[in-house]
Amino acid sequence: MHRRSLAAVAAAMLLAAGCTTTGTSTAPQEDAEGPAELLFWNTGSDEQAAAVQVAADRYKELHPNVTIRVQAIAWDDGHAKVLTAATSRSGPDIISGGLSWGIEFGELGGMVDLNGFDLGQAKQQTRPELWNSITSPGGAVYGIPMDMTLYVFYYRPDLLQKAGVSAPPATWAELFTAVDRLKASGVATPLVEEWGTFEWLPWFNYLKQAGGSLYSEDCTQVTINSEQAVLATTTWADQYRRYGVPKATVDVGAGLAKGEYAMAIGASYLAGGFDSGQPELRGKWQTAALPTGPAGAGSFVGGKIVGAMSYTKHPRAAAEFVKWLYTDEAVEILQREVFTRGGELYISPRPELLAKANASDNLKQTLQTTLNSVTGPPNCKGWETSGSEVSRRLQAVVNDNADPRTALAEAAAVMQGNLG
């Protein structure tokens, strides 16, 4: 999901070759004796890192010999920083980052396989489709889910009613009919997207709703060049070409508050900031699950993994803290602190704890419904490298009127080459 620099790619090649800049082995360390002082790079905002620090401080109260210092690293360069740390075998003991980072860095020898630390309970508590996404084709688990991000359909009921739309659209056809009616009623931009705007992420929702996939279930075949994918790509592209969805990221809350937007397909974390950032919007917005396609409901689930670096001197201490983040107490701390400090909604990978999240009953119901049809990022070899190239081929359909079949065939060739 994030572009990698050439330096980062070079570092990956070095690590893949079994080499490090220090010339040391990439084998995991044995646990060092004595108290453990661990550095945790948490990808995200300063406020999120501060929230995790509260949880880490509580962990120290329970385990006095383990001290964890949490630092924030930005999403923009977080991938490159963690890759560099893995290559130089110097840096944090624990990291959090994109769901696919664990497999990517773990297969390169940069992260500890947590299967050696009894993950049975964590696996049982996590939705299977999310657990599958963080499990390598060989069965290794280099990082377990730390949180979830879901796609949500946000809307202004008053604007829909004014346009003659009595309920949030439940299907593709209803969605685009609503766009036309809202446009006719004077809403400047009826529908917007946020979270991976104009990249493969929102397209992936259409792919699942059309019944398509990126790879076969066993990761042996690329399946992006299917008829379902052609339908998904055409429909996704029409959003921009025919229905005026902006290709640039927008301020969803501000647009909904001003009535410039009436509907938005965006990330679940947006919801926490609507009322605090746009007080005039309070009580005027609602949520629903995404409209369905010909194959039914379907959407992408993202989030972060958390895992231990292979060079840490305290792999057991790091792994035990990672597992502790699944406890009721840790989840309660993160739900409270992430919302209080940054106004964001924290969704635990344990769906049964969603009822305790800082969210309205309407939003909780939407999230519960959405969880029944989510799919995480593929765990197939080469996807992290292929994602940006797939986005580029999809964008060509909109920007250059490229034929969807041709674009998907080119994307398939890239994915097949990276799959090996």
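**Exercise 1. Determine which cysteines form a disulfide, and state its handedness.**

Solution. In this predicted model, Cys219 and Cys380 form a disulfide, with their sulfur atoms 2.0 Å apart; the criterion is a pair of cysteine sulfur atoms within 2.5 Å. By this rule the count is one disulfide. The torsion about the S-S bond of Cys219 and Cys380 is about -75°, so the disulfide is left-handed. Cys219 lies in the loop between helix H9 (200-210) and helix H10 (227-241), and Cys380 in the loop between strand E9 (374-375) and helix H16 (383-399), so the pair ties together parts that are 161 residues apart in sequence. Helices (H or I, at least four residues) and strands (E, at least two) are DSSP runs, numbered from the N terminus. Both Cys219 and Cys380 are buried, that is, under 20% relative accessible area with a 1.4 Å probe, protein chains only.

Residues are numbered from 1 along each chain as its sequence is written. As the model is predicted, local features need pLDDT of at least 70, side-chain atom pairs count only at pLDDT 80 or more, and totals for chains, interfaces and linings use all residues, while side-chain values use heavy atoms, leaving out hydrogens and water.

Definitions and conventions. Buried < 20%, exposed > 50% of the residue type's maximum accessible area, 1.4 Å probe, protein only.
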